[in-house]
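I opened this notebook to record what I looked up on core packing and helix contacts.

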Amino acid sequence: MLGNHCSAFIDSPYSRTGILDNNPIHKDMIAAARMAELAYIVNVIIDSDKKAVHAVAGGAIEAHAAGCRFLRQYCLVTPKYPADIAISTNGGYPLDQNMYQSVKGMTAAEAAAKDGGIIIMVSNCGDGHGGEGFYRALKDCESPQSLMEEILKIPQDATKPDQWEYQIQCRILMHHRVIYVMNEKYRGMAREMGFQTASDVNEALELALQEKGRNAHIAVIPDGVSVMVNHP
């Protein structure tokens, strides 16, 4: 598990939601499935109400690929323009309980936004950061860039727990200002980690518009963990 999420694999531009071709994480998992002689799988695709909408079964590699083809047709979107401001969520409770998990919904906004665009992440995070390693890495670093340099030096066999999540968060912070709309109790902690915070979406949007201008292009992603976004 740790080696599968090593810094080199996560750093690949192909290691993104919805991409299988040339994705080193996917290649590694296929190799593991073959080594384990995994013969049969049953995978189910669910909708936003957690109801099954499709199922695949059969040989592990073939059935998984078939499920992914269906999923691309079901929830893949390509914005017309890259956004100056991208607003996302983590799908509400229980997926928005902490900042660690909220990175997932944030990647949808990352894919929709132009380089230098502002991300507004609406996630309650009532349980706080969600991982001590995740929290300390971001809080104690000199900058996202310096932390990324440290992460990329870590070899595959020395991958640390939570490393992949703060690596992805670092990548986002290197290219985007992130404004969190979150539980008031943890806003100070979020600012320690390099985020800006706001009390509600309207305040966050006003902060973003002050920087990007009133004519800024805005992308809204109601559920960032249930959609695959192609970068426009």
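I took contact to mean heavy atoms within 4.5 Å. The model is predicted, with local features needing pLDDT of at least 70 and side-chain atom pairs counting only at pLDDT 80 or more, while totals for chains, interfaces and linings use all residues. Residues are numbered from 1 along each chain as its sequence is written, and side-chain values use heavy atoms, with hydrogens and water left out.

Entry on the cores. I defined a nonpolar core as a set of buried Ala, Val, Leu, Ile, Met, Phe, Trp, Tyr and Cys residues joined through side-chain atoms within 4.5 Å, with buried meaning under 20% relative accessible area (1.4 Å probe, protein chains only). The largest such core holds 43 residues, of which Met99, Val178, Tyr180 and Phe195 touch the most other members. Helix 4 (residues 99–112) gives the most to this core, namely eight residues; helices are DSSP runs (H or I, at least four residues), numbered from the N terminus. I listed the partners of Met99, leaving aside residues up to four places away in sequence; among them are Cys125, His129, Phe134, Tyr180 and Phe195. A second, separate core of 11 residues includes Ile85, Ile179, Val181 and Ala208.

Entry on helix 7. I fitted axes as lines to C-alpha atoms over the stretch in contact, with angles from 0 to 180 degrees between N-to-C directions. Helix 6 (residues 144–152) packs against helix 7 (residues 163–175) at about 140 degrees, with the axes 9 Å apart. Helix 5 (residues 132–140) has its axis come within 9 Å of that of helix 7, crossing at roughly 35 degrees. In this second pair, Gly133, Phe134, Ala137 and Leu138 of helix 5 meet Glu165, Tyr166, Gln169, Cys170 and Leu173 of helix 7.

Key
Buried < 20%, exposed > 50% of the residue type's maximum accessible area, 1.4 Å probe, protein only. Helix = DSSP H or I, 4+ residues; strand = E, 2+ residues; numbered from the N terminus.
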